[in-house]
Amino acid sequence: MPKQKTHSGAKKRFKITGTGKLMKQQANLRHNFEGKPTRRTRRLSQDQVLAPGDAKVAKKLLGR
């Protein structure tokens, strides 16, 4: 039986914590920084835990 390959896009986007949760990078941190307050850009630069419904799908893509 062939092995299941890890989804290349998913492995670049998600990190698995020690407890098994999935972390993701926040959206809206790529351009147009002049229009965003510094407080917002600092908040967006932190990783965020993936929602449970999305985590279920992402774990399958990662082969977990």
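Which residues does A58 touch, not counting residues up to four places away in sequence? In this predicted model, local features need pLDDT of at least 70, side-chain atom pairs count only at pLDDT 80 or more, and totals for chains, interfaces and linings use all residues. Residues are numbered from 1 along each chain as its sequence is written, and side-chain values use heavy atoms, with hydrogens and water left out. With those rules in hand, A58 touches F14, L22 and L50, where contact means heavy atoms within 4.5 Å.

A58 also belongs to the largest nonpolar core, whose six residues are A10, L22, L50, A55, A58 and L62. Such a core is a set of buried Ala, Val, Leu, Ile, Met, Phe, Trp, Tyr and Cys residues joined through side-chain atoms within 4.5 Å; buried means under 20% relative accessible area, exposed over 50%, and partly exposed in between (1.4 Å probe, protein chains only).

Two strands pair if DSSP finds at least two bridges between them; β1 and β2 (residues 22-25) are joined by three. F14 has K24 as its bridge partner in β2.

Finally, T41 lies in helix α2 (residues 38-44), a helix being a DSSP run of H or I with at least four residues. T41 counts as buried because its relative accessible area is 17%. Beyond its neighbours within four places in sequence, T41 is in contact with L29, F33 and K36.

Note on methods. Helix = DSSP H or I, 4+ residues; strand = E, 2+ residues; numbered from the N terminus.
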